[in-house]
Amino acid sequence: MDLSSFYFNSTPIDKFLGKAEITQLYKNSVESKYTRGINVFDERTFPKGVYILKKGRVKLYQSTSAGTQQIIAIHGAGEIFGYRPILCNERYPVSATTLEPCTVVFIPRRDFQNVLEKSTALSNLLLKYLSHEFTVWVNIVSILARTTVKERLLLNILLLAERYRESSKWPIKITLPKSDLACLIGTSNETLARMLKVLKQEQLVVSRGSSMEITRPEQLQKIQNEVSLFI
């Protein structure tokens, strides 16, 4: 099942740039290590540069008027994030927070813009990323508006399985905190707990403390079959 239109997944930009462009891009870069739960940047602040995730996972989210979060995306190793506000000279519409220990490379705004002005490859790549992100936004809004909590949970379990799986190894272990999973699918912690209990009773997932596992290929196939009925 192709779920690529439901999540952000950018190819590392280094693969598309020449040696001189890479040198220019990284000449003033700063590599930082973050523990879990640290903000990389905050919503409504002006961007000072862009970020490339070398290791770990980062969530992008908006704060709601009720004091909760709506998680928009989860980025993995190799992906660039935080670049769109620079392209349109706007504030960040989201915050970025580490979900686990991360290594992040910060590229100053000026260096990024200098390379962007001269590099057709980088311009075309970012245009491709933005086009894909627009498709993802549309699909996320559609899913939130027309599906049940259980359906959103099943879909996001599949999306997270893509993010967390390691080649063909089993089980697939998803270590996203339950509170973040609730924010991702747009529901309360209590409702999520009830839905997870239902999925456990249906033997689709195994819940182990703060993590969740899909232990067998047939479980994954059954979830895919159910999701295919509404996407």
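Which residues in H1 meet which residues in H3? The legends below start there, and every view comes from a predicted model.

**View 1. Helices H1 and H3 pack against each other.** Let's begin with the answer: Glu21, Gln24 and Leu25 in H1 meet Asp111, Phe112, Asn114 and Val115 in H3. Sorted by class, this contact has 3 nonpolar, 2 polar and 2 charged residues. Helix H1 covers residues 19-26 and helix H3 covers residues 109-118. Their axes are 8 Å apart, and the helices pack at an angle of about 160 degrees. Angles over 145 degrees count as roughly antiparallel, and H1 and H3 are therefore roughly antiparallel to each other.

**View 2. Phenylalanine 41 pairs with phenylalanine 81.** A pair of aromatic rings is described by the distance of the centres and the angle of the planes. The model's count comes to 7 aromatic pairs. In this one, the ring centres of phenylalanine 41 and phenylalanine 81 are 6.1 Å apart and the planes stand at 35 degrees, so the pair is tilted. Follow the chain and you will find phenylalanine 41 in strand S2 (residues 39-41) and phenylalanine 81 in strand S6 (residues 80-81), 40 residues apart. Both phenylalanine 41 and phenylalanine 81 are buried.

**View 3. Phenylalanine 41 also pairs with tyrosine 92.** Here the centres of the two rings are 3.8 Å apart and their planes are at 10 degrees, so this pair is stacked. The pair links distant parts of the chain, with phenylalanine 41 in strand S2 and tyrosine 92, 51 residues apart from it, in the loop between helix H2 (84-88) and strand S7 (95-98). Residues under 20% relative accessible area count as buried. Phenylalanine 41 has 5% relative accessibility, so it counts as buried, and tyrosine 92, with a relative accessible area of 4%, is buried too. Phe41 and Tyr92 belong to one aromatic cluster, together with Tyr51, Phe81 and Phe106.

**View 4. Two side chains lie over the faces of rings.** Look for lysine 59 over the face of tyrosine 61, at 5.1 Å from the ring centre. Then find arginine 165, which lies over the face of tryptophan 170 at 5.5 Å from the ring centre.

**View 5. Asparagine 225 lies in helix H8.** This helix covers residues 217-227. Asparagine 225 is partly exposed, with a relative accessible area of 42%. Now compare asparagine 225 with methionine 1: they are 224 residues apart along the chain, and their C-alpha atoms are separated by 9.2 Å.

Conventions. Residues numbered from 1 in each chain as written. Predicted model: local features only at pLDDT ≥ 70, side-chain atom pairs only at ≥ 80, totals over all residues. Heavy atoms only, no water. Axes fitted to C-alpha atoms, helices over the stretch in contact; angles between N-to-C directions. Helix = DSSP H or I, 4+ residues; strand = E, 2+ residues; numbered from the N terminus. Parallel < 35°, antiparallel > 145°, perpendicular 65-115°, else oblique. Contact = heavy atoms within 4.5 Å. Nonpolar A, V, L, I, M, F, W, Y, C, P; charged D, E, K, R; others polar. Buried < 20%, exposed > 50% of the residue type's maximum accessible area, 1.4 Å probe, protein only. Phe/Tyr/Trp six-rings, centres within 6.5 Å; stacked < 30°, edge-to-face > 60°. Lys NZ or Arg CZ within 6 Å of the ring centre and 35° of its normal.
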